[in-house]
Amino acid sequence: MGSYSNNTAIVGIGETLHVRGTERTAISLGLEASMNAIDDAGLRPEDIDGIVLPLGLHRVEEYAAGLNPTDLKYHASIEIGGASTVASIQYAASAIQSGIAEYVLVVNGSRMFSDMRAQTGDVNLDWLAEQFPAGMLRRNFEMPYGLMLMPQYYTMIFNRWVRDYNIDPDSFCHVALAASKHAQLNDNAMLKGKQLTEEKYLNAPLLHPPLRRFDYCLESDGGSAYLLTSAERAKDLKQKPVYVMAATEGHPDSPDDLCARDHLFTTGLSKCAGRAFETAGVKPDDLEFAQIYDCFTATVMLQMELMGLCEMGGSPDFVKDGNIELGGKLPVNTHGGLLAESYSMGMNHVNEAVRQLRGDAGERQIEGCSLGAVTGWGDFGDGSIAIVRN
Amino acid sequence: MTDFIKPLPHTDQPLTAPYWEGTAKGELKIKKCQSCGSLQFPPREMCKRCHSQDFDWVAASGKASLFTYSPAITPAHPSFKDDAPYAVVIVELEEGPRMLGLATNVAVDKLEIGMPMQPVYHKASDDVTLVYWEPAAA
Ligand SMILES: [Zn+2]
């Protein structure tokens, strides 16, 4: 087990500014982030010999056209929605470990704010359906009933969870407040300067009950990238390496449809988290931070239960009293996350884990931290997790 | 002002056409595996229990209970403006499979998981009959 464990490292990270609305193409944003990550590592674009695209709205060839690698030996497009970005670490690490490629770039450029807004009516619904797995089901059995937005799908899961485990939706507030607090310490956070208060949170309208206005992540346009190589080569590069102890993905039963699934809470993360902790040889309790995919506040809490940080139904207790804020028991989403920094497909969670483990997180640095986890959640419950150390 | 039209299902696709032929006649058709008898919804290519691809279509009774629900206070698409607030529901048929549709004849905040539900056939066009769900007597 775990042949790749600790044998690969993240050696470069890069991002663009995160904005609402841009004239630039998604690829242009992704290329800028790629160059930043390559430069951060002290490499040149021609050194890259593997490219992994989480959420393949584009093709690897389109990135290769600009980066112009000398000999691209490996490519992959990972198609499990928001779980793709963290799952990509698994693909990059296994390509490096097996000797197929030496320097693998993971890059995402996206215009989620500019291109994906069904609410305005100017999105082609046949196209939108095909952005999901089993687009035929979405288009024919869901869209005709007014179901087409991510919060609606998640709410199907949340309402059953709230009822089965007696969850108080007011507890979601703690996740939103922690994210907002952390964003105030991050110059690239879109909500820096707009701190949320408990009063403001509780008074905001319910949009998809039990979700209120501030339970939703941001919509943004931008690019993010990170770069992996072997632990051996990492020693000679510019930055302090961040080692991949484990990276796994998992899929719920009937992964492309909620109706056909026997158990709503047997998800990708509940299957893959145990494998990751076993490979890494650590326990959930050992973590010093967690960057948890936060498309919604409730997604964070549900994942805490599914990955074993607490038992099912235990997350409202876990997140209270500042426990998930900097200085608390387990700081979560120390950059502000998707809720308060930017959407970025969750790429930003990986980059923040790297910053923390390098000691580069500035005002929000967790002093002396050496071990953390990053999760992803995508489509209808696909999951991924990486456990990383310095 | 653009007039937004609700997205109707494509009813002529081989995998799903028998379902829509059923709803037009007020029937809830689901696939039954010829090999192991498993019932399936939504209609797919393969039986996940025994991996057969041979199916019959049988009519479900329509007796169901609310499995979970997703309320939309604002519409997901402008064509649902007049429906909002509305709720999309997943119901569990007494035969086992679950189905998804729009809740009707019930306020969004009156939905309760486990409540009995029954189908309401809604003729959306000459060719398409959708299935909505309303509370049923216990
Ligand atoms: Zn069968």
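## Contact between the chains

In this predicted model, 30 residues of chain A are in contact with 34 residues of chain B, where contact requires that the C-beta atoms of two residues, placed from the backbone, lie within 7 Å. At least two residues of the side of chain A that touches chain B come from each of α6 (135-142), α7 (150-164) and β5 (206-208) of chain A, and α7(A) gives the most, with six residues. Helices (H or I, at least four residues) and strands (E, at least two) are DSSP runs, numbered from the N terminus.

By class, this side of chain A has 18 nonpolar, eight polar and four charged residues; Ala, Val, Leu, Ile, Met, Phe, Trp, Tyr, Cys and Pro count as nonpolar, Asp, Glu, Lys and Arg as charged, and the others, Gly among them, as polar.

## Domains of chain A

Chain A is assigned domain 1 (8-113 + 218-389) and domain 2 (120-148), with bounds that come from an automatic or database domain assignment. The centres of domain 1 of chain A and domain 2 of chain A, taken over C-alpha atoms, are separated by 27 Å.

## Strand pairing in chain B

Strands β4 (residues 64-72) and β7 (residues 116-123) of chain B run antiparallel and are joined by two bridges, pairing being assigned if DSSP finds at least two bridges between two strands. B:S65 has B:P116 of β7(B) as its bridge partner.

Seven bridges connect β7(B) with the antiparallel strand β8 (residues 129-135) of chain B, and B:M117 stands opposite B:P135 in β8(B). A hairpin through five residues joins β7(B) to β8(B).

## Basis of the description

Residues are numbered from 1 along each chain as its sequence is written, while chains are lettered from A and ligands numbered from 1 in the order in which they are written. Since the model is predicted, local features need pLDDT of at least 70 and side-chain atom pairs count only at pLDDT 80 or more, whereas totals for chains, interfaces and linings use all residues.
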